[in-house]
Amino acid sequence: MPLRMSKEDREAFLSEPRVGVLGVEEQGRSPRVVPVWFNFAPEIGIWILSNQDSKKTKLLKAAGSFSICVQDEAPLAYRHVSVQGPIVEVRECELERDLRPLAHRYLGQERGDRFAEDFFVQGSIIFTMAPKHWVTADYRGELDA
């Protein structure tokens, strides 16, 4: 039987640099599901970056909400957090405010700076989601039993 994570545990889990799997409604089809980098702050929510001309951006704007699932893939230590909620902010991405910190989160300072400089695209969009529905599981304790 999996154990649910506490609020503190899920917030710590989402604060670690993990790839999330984003799901967004696609009319007449199954939801579009794609891997994404994300950032998380308990007081703000979860935000993702998208190219302004991408299908993902069009779907996010139309749906007004998204889901994201984040997991720990370590063998014998399976944990996951899934969260759904409305998009509460859509704005243009800023290099210093958004992309550089996101790149540092996943790549570290030096590689993150190179990535941010090389891949910053004017007009990229930030979508911020306010978490409303949580599903969590932590099977680590079960595996030790």
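## Salt bridges and the E26 network

A salt bridge is a side-chain nitrogen of Lys or Arg within 4 Å of a carboxyl oxygen of Asp or Glu. By this criterion, E26, R29, R32 and K55 are linked in a network of salt bridges. The structure is a predicted model, in which local features need pLDDT of at least 70 and side-chain atom pairs count only at pLDDT 80 or more, while totals for chains, interfaces and linings use all residues. Residues are numbered from 1 along each chain as its sequence is written, and side-chain values use heavy atoms, with hydrogens and water left out.

The structure contains 12 salt bridges. Two of them involve E26: one joins its side chain to that of R29 at 3.6 Å, N to O, and another joins it to that of R32 at 3.4 Å, N to O. Solvent accessibility is classed here as buried (under 20% relative accessible area), exposed (over 50%) or partly exposed (in between), with a 1.4 Å probe and protein chains only. E26 is buried, at 8% relative accessibility. R29 is exposed at 59%, and R32 is partly exposed, with a relative accessible area of 28%.

## The R100–D113 pair

A salt bridge also connects the side chains of R100 and D113, with an N to O distance of 2.9 Å. R100 belongs to helix α3 (residues 95–107) and D113 to helix α4 (residues 109–119), so the pair ties together parts that are 13 residues apart in sequence. Helices (H or I, at least four residues) and strands (E, at least two) are DSSP runs, numbered from the N terminus.

R100 counts as buried, at 12% relative accessibility. D113 counts as partly exposed, at 24%.

S124 is located in the loop between α4 and β7 (125–129). With a relative accessibility of 8%, S124 is buried. Contact means heavy atoms within 4.5 Å. When neighbours within four places in sequence are left aside, S124 is in contact with L49, S50, N51, Q52, R91, E92 and C93.

## Surroundings of V83

V83 sits in strand β6 (residues 79–92) and is buried, at 1% relative accessibility. Leaving aside neighbours within four places in sequence, the residues in contact with V83 include I46, F66, S67 and I68. Also among them are M129, P131, K132, H133 and W134.

V83 and S50 are 33 residues apart along the chain, and a distance of 19 Å separates their C-alpha atoms. S50 itself is one of the residues in contact with S124.
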